[in-house]
Amino acid sequence: MTEALPCPLTLEDTERDVVRRVRDGDSDAYRLLVERYQARIHRLVGRVLGPDHGEVDDVVQEVFVKAFFSLGKFREDAMFSTWITRIAINRARDEIKKQSGRVSLDAEPGEDAVRGLRDLLSTEDTHQREQEEAPDSAVSGLVARTVASLPERFRVVITLKDMEGHSYQEVGQILNCSVGTVKSRHARGRERLRKLLAPHVSEFVRR
């Protein structure tokens, strides 16, 4: 009697089902997880490492390789998105230690990142800012350089909370620290951003 082949997985299958299939030896099922999270993890790693880093693709590849070989440690009661984000953050942190601290003026963050960080700078002209069009490259480059200049502990929290849209609780789970610690680092990071960008507030509001 011919053994029945497993049904092909689709993007509608739950992550728990996909993880179980991978653990059972179906390595092709892992491609589905990569499809779901590759763009998100690439964006996250790029934002944490900063625009001066030229090895984002390699770092992202390492994240997914590590996740594949670490699936045995994944708890099924946890969220896969939180788990792989933690792996990405830890790998990015290791990479930050290798950086020279020099920042390129070429790469720029996305429009959503710039708009999100604008809210840190001024509470005035809110309606006007909501009606603004996409920021120009000068503003984008300024934000990218400033975020990249923050100490790693602040850069990571600002990226996860303000640029990726995670809640304090989610950031705490990703970083494996208390919500109080997250809030403290977030507040201190925002204050540093305000000070660093203060000379450019008028430019941000006008644009």
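1. Helices (H or I, at least four residues) and strands (E, at least two) are taken as DSSP runs and numbered from the N terminus. On that basis the protein has 11 helices and zero strands.

2. The model is predicted: local features need pLDDT of at least 70, side-chain atom pairs count only at pLDDT 80 or more, and totals for chains, interfaces and linings use all residues. Residues are numbered from 1 along each chain as its sequence is written, and side-chain values use heavy atoms, with hydrogens and water left out.

3. Of the 207 residues, 42% count as buried (under 20% relative accessible area; exposed is over 50%, partly exposed in between; 1.4 Å probe, protein chains only). Where contact means heavy atoms within 4.5 Å, 69% of the contacts between residues at least 6 apart in sequence join residues at least 24 apart.

4. Arg153, Arg188, Arg192 and Lys195 form a positive surface patch. Patch residues have over 30% relative accessible area and no salt bridge, with like charges joined within 9 Å and nonpolar side chains (Val, Leu, Ile, Met, Phe, Trp, Tyr) within 5 Å. A salt bridge is a side-chain nitrogen of Lys or Arg within 4 Å of a carboxyl oxygen of Asp or Glu. Helix H10 (residues 179–197) gives the most to this patch, three residues.

5. Arg153 sits in helix H8 (residues 152–163) and is partly exposed, at 33% relative accessible area.

6. Arg192 belongs to helix H10 and is partly exposed, at 37%. Beyond its neighbours within four places in sequence, Arg192 is in contact with Leu150, Pro151, Arg153 and Phe154. Arg192 and Thr146 are 46 residues apart in sequence, and 9.5 Å apart C-alpha to C-alpha.

Definitions and conventions. Accessible areas come from the Shrake-Rupley method with a 1.4 Å probe; for residues, only the protein chains shown count as cover. Lys and Arg count as positive and Asp and Glu as negative; His and the chain ends are not counted. The place of a charge is taken as NZ of Lys, CZ of Arg, CG of Asp or CD of Glu.
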